[in-house]
Amino acid sequence: MRVIMITAMVCGAIGLNQLDAQPTPLLGEVSDNQYHAPTGEYAINLPVQPDLGGTITDTREVVTFQDGISLHASIACFSLNSAQKREEQTRGRRDYLIWFFRNQVQTQFQKRFEQATTESARFIPEMLDGSLMAFSLLPGGSMFGERIPAPHDGSLPTAKRGNLLFLHHDHLYVVSLELAKLLLDESIGQLTDEEQNEILRQRLVDLIARITFKAVSYTHLTLPTKRIV
């Protein structure tokens, strides 16, 4: 049962359920330009403007923000049970996050988008007490597909996602953000992979900086370049 719940959470966290979801009332609360998670674990300054067409959808564990321009971002936060705590303690923070990404996040990408791949991933020990940042390539996986011209060769436009995984207060966070401008802005497409990744890194950092955690807020957002996969 727990595995099924985690799998459903990951689908929401990486925007897969968003493709089919219908608008429903929020479980969290929006007040004073902040979204407050239903669990009370965190609040985030809104990255979208609802009065200008930005949308917010959520479940108990996942919130998704999207606007009509180029932002699609999801934050998942779910509590670790005793088995998962032991898994993290046994594997260590770095290997646990790599294991979770490969077996949950990347697996769900590949189930929805058959040719999905991981471009690169890096463990950042001094960021958020140890975090994993991974970049995914998703043919046909853009959340802005209706605005993207179909390639002349019939291939699927490849979306790029930045994913950030970290632990805080006995909760696992999965933050996912699409570099929509890669497909919407020709100049972004001409950048190197590393330059595109740098844009995603900074946007993920900016998104995390909007969060106020229930426990002590993180301040270490340095981004070294240690490549692990």
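Are Phe166 and Tyr173 buried or exposed? Both Phe166 and Tyr173 are buried, where buried means under 20% relative accessible area, exposed over 50% and partly exposed in between, with a 1.4 Å probe and protein chains only.

1. Ground rules. Please keep in mind that this is a predicted model, in which local features need pLDDT of at least 70 and side-chain atom pairs count only at pLDDT 80 or more, while totals for chains, interfaces and linings use all residues. Residues are numbered from 1 along each chain as its sequence is written, and side-chain values use heavy atoms, with hydrogens and water left out.

2. Overall picture. The protein chain has six helices and eleven strands (DSSP runs numbered from the N terminus: helices are H or I with at least four residues, strands E with at least two). Of its 229 residues, 47% count as buried. The chain exposes about 11100 Å², with carbon and sulfur atoms supplying 51% of that area (Shrake-Rupley method, 1.4 Å probe). Among contacts with a separation of 6 or more, 61% are between residues 24 or more positions apart (contact means heavy atoms within 4.5 Å).

3. Aromatic pairs. Searching the whole structure gives seven aromatic pairs (rings of Phe, Tyr and Trp, the last by its six-membered ring, with centres within 6.5 Å; planes under 30 degrees apart are stacked, over 60 edge-to-face, the rest tilted). One of them joins Phe78 and Phe100, which is tilted because the centres are 6.1 Å apart and the planes at 35°. Phe78 sits in strand S6 (residues 72-79) and Phe100 in helix H3 (residues 93-112), so this pair ties together parts 22 residues apart in sequence. Both Phe78 and Phe100 are buried.

4. Back to the opening pair. The rings of Phe166 and Tyr173 have centres 4.9 Å apart and planes at 5°, so they count as stacked. Phe166 and Tyr173 also belong to one aromatic cluster with Tyr42 and Phe213.

5. A lysine worth a look. Lys160 is found in strand S9 (residues 158-168), and Lys160 counts as buried because its relative accessibility is 1%. What does its side chain make polar contacts with? The partners include the side chains of Glu119, at 3.1 Å, and Gln196, at 3.0 Å (a polar contact is a pair of N or O atoms within 3.5 Å; within protein, one must be able to donate a hydrogen and the other to accept it, and residues adjacent in sequence count only if both atoms are side-chain atoms). Leaving aside neighbours within four places in sequence, Lys160 is in contact with residues including Ser136, Glu178, Asp193 and Asn197.
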